Amino acid sequence: MGAEELSGVEGIEEPSAVPPEPRPASLGFFAAGLISPVLFPNLFVSSTTEDQSEQILCEILEVVTAIVPHFADLTRSTLIVHRVSGGTTNRLYRVSDARHPTAPAVVVRVFGEHTELLIDREKETAVAAQLAANGVTTLYYGSFGNGRVEAWMMSYRTVKFADMQPCSTLNGCLICARLVAGLHDLTIVEKDNPQRAPQLGLLLQRFSTAAISADFGEKPNQEVALERLDLSRVHMELEWLKQYLPLSDAFPRFYQQVTQSSSHPRIADLAAEFALSSVICHNDLHLENILVNDQTGHGLLIDLEYGMHNFRAYDFADHFNEYSGLSCDWGRCHPTTSDMRRFLRYYLEASKEGNQLLASLNAEAERECFLEELRRWTCRFCLINHIVWTYWSVVEACNSTIEFDYLGYGSQRMVGYFYLKGIYSDLFPAL
């Protein structure tokens with residue numbers, strides 16, 4: 001989970017009185033194709049040394065002079081490095097040149113310790129390059145042994161919870177929905193997944209296996225928090241939940257029950273197919289992984305290290321759960337039914353496939369039924385999304401050198417799970 005808070009983004013002005021028309025990601029804000037990403041696998045930046053140590057600064061200098069064309073002549077005396085706050089998976093450094101304050105700054109992303117247990121870095125790099133070339137995310141300069149170099153977006157800020165509310169002049173809900181639709185519309189190649197199958201099962205297997213085998217021998221003070229989280233209970237809930245999603249042999253029976261019990265069985269089937277279709281997903285749609293320019297309304301997605309094909313509705317669910325951010329205030333921040341429907345309607349209008357589906361439905365009652373069924377599938381995925389990030393928190397607690405209460409966060413994700421299990425109980429009938 002990224003939660004990459006780009007604090008200190010320069011050049012932000014107050015939003016205009018009349019909100020601009022947000023543009024979809026597919027317009028491609030920057031000429032990504034002008035730079036071919038380069039790889040320097042033998043260069044490394046320490047992920048454990050103090051931020052302003054001479055070692056770190058020299059390693060960052062070596063990386064950016066090798067990878068970033070306009071930093072080729074950067075020297076140690078003109079190097080400016082600032083740690084970017086908020087990252088819970090990676091260390092982020094903003095790098096600029098003191099001689100040329102208006103020259104584009106870059107972000108050096110240093111991968112966290114042992115994050116390869118959760119993230120296929122080779123796949124991530126390949127997917128990141130394709131997404132950058134399509135204008136969905138920030139310009140990607142290249143990779144080094146344990147990280148990546150990306151553009152720093154001037155005049156952009158991260159989306160806030162207030163931006164997602166109906167009263168927001170920015171209409172962050174519309175911007176985010178269009179960005180997600182633009183991402184899902186792309187055709188992205190995954191070499192290890194030529195069929196473009198949804199990867200939620202693989203993601204759960206990887207995360208749960210890493211969590212089960214996590215060794216806290218060097219962090220004995222974490223044992224009490226781990227016992228409080230109770231992984232055995234998490235496993236049990238996951239096994240129960242699988243029968244309601246395309247993750248077990250019992251699912252076809254539930255699918256048939258859902259569609260046949262609907263007042264519009266054909267529409268319910270269309271909505272289920274759309275929700276469960278496999279598209280390229282972000283899988284970590286935290287609000288702080290979405291950038292927006294207040295003046296233009298243009299947005300970008302960042303931190304796509306978990307980007308892979310997945311169930312379409314899983315990405316919606318992840319986004320809705322992340323309205324709470326790290327505060328985990330589920331009661332206040334989890335979107336209401338009307339909030340969800342507003343986002344999904346914006347999404348359908350922006351999505352190529354979604355727009356075609358809406359156009360094929362003749363009556364408003366059919367469109368409303370489709371929207372509601374799509375929301376209900378999304379709510380089911382909201383529960384399993386909490387379990388995914390609970391497993392993630394255990395692995396990060398064991399391995400990360402970043403100061404963050406991962407196990408406390410994991411426990412709060414299970415609080416969120418049981419909160420939603422209660423309010424969405426009608427979505428999980430006895431089988």
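Welcome to a predicted model, in which a search of the whole structure turns up 25 salt bridges.

- R99 pairs with D73 in a salt bridge, and the closest N and O atoms are 3.4 Å apart.
- This pair links distant parts of the chain, 26 residues apart: R99 belongs to the loop between β3 (91-97) and β4 (106-110), while D73 belongs to the loop between α1 and β2.
- D73 is partly exposed because its relative accessibility is 48%.
- L74 is found in the loop between α1 (54-67) and β2 (79-84).
- With a relative accessibility of 6%, L74 is buried.
- Setting aside residues up to four places away in sequence, L74 touches L61, V64, T65, L79, V95, S96, D97 and R99.
- For a sense of scale, the C-alpha atoms of L74 and S338 lie 52 Å apart in space, and the two residues are 264 residues apart in sequence.

- Side chains of opposite charge can pair when their charged atoms come close.
- E237 and K421 meet through their side chains in a salt bridge, at 2.8 Å from N to O.
- E237 is buried, at 8% relative accessibility, whereas K421 is partly exposed, at 23%.
- E372 and R375 also form a salt bridge between their side chains, with 2.7 Å from N to O.
- Both E372 and R375 belong to helix α13 (residues 364-399), where three residues, or about one turn of the helix, separate them.

**A salt-bridge network and E124**

- Seven residues can be picked out by name here: R109, R121, E124, R148, E150, D303 and E305 are linked in a network of salt bridges.
- E124, a member of this network, has its place in helix α2 (residues 121-133).
- At 1% relative accessibility, E124 is buried.
- Beyond its neighbours within four places in sequence, E124 is in contact with F111, I119, R148, L304 and E305.

- Q199 can be found in the loop between α3 (172-184) and α4 (200-212).
- The relative accessible area of Q199 is 9%, so this residue is buried.
- Apart from neighbours within four places in sequence, Q199 is in contact with K123, N193, M308, H309 and N310.
- Q222 lies in the loop between α4 and α5.
- Not counting residues up to four places away in sequence, Q222 touches F216, A397 and L407.
- From Q222 to P101 the C-alpha atoms are separated by 44 Å, and the two residues are 121 residues apart along the chain.

**A negative patch on the surface**

- D215, E218, E223 and E227 gather on the surface in a patch of negative charge.
- One of these residues, E223, is found in helix α5 (residues 223-229).
- E223 has a relative accessible area of 33% and is therefore partly exposed.

**Two positive phi angles**

- H114 is not a glycine, yet its phi is positive, at about 60°.
- Look for H114 in the loop between β4 and α2, where its relative accessible area of 39% makes it partly exposed.
- R196, also a residue other than glycine, has a positive phi near 55°.
- R196 is found in the loop between α3 and α4, and its 35% relative accessibility makes it partly exposed.

Technical notes. Residues numbered from 1 in each chain as written. Predicted model: local features only at pLDDT ≥ 70, side-chain atom pairs only at ≥ 80, totals over all residues. Heavy atoms only, no water. Patch = residues over 30% accessible without salt bridge, like charges linked within 9 Å, V, L, I, M, F, W, Y side chains within 5 Å. Areas by Shrake-Rupley, 256 points an atom, 1.4 Å probe, with all protein chains shown as cover. Salt bridge = Lys/Arg side-chain N within 4 Å of Asp/Glu carboxyl O. Lys, Arg positive; Asp, Glu negative; His and termini not counted. Charge placed at Lys NZ, Arg CZ, Asp CG, Glu CD. Helix = DSSP H or I, 4+ residues; strand = E, 2+ residues; numbered from the N terminus. Buried < 20%, exposed > 50% of the residue type's maximum accessible area, 1.4 Å probe, protein only. Contact = heavy atoms within 4.5 Å.
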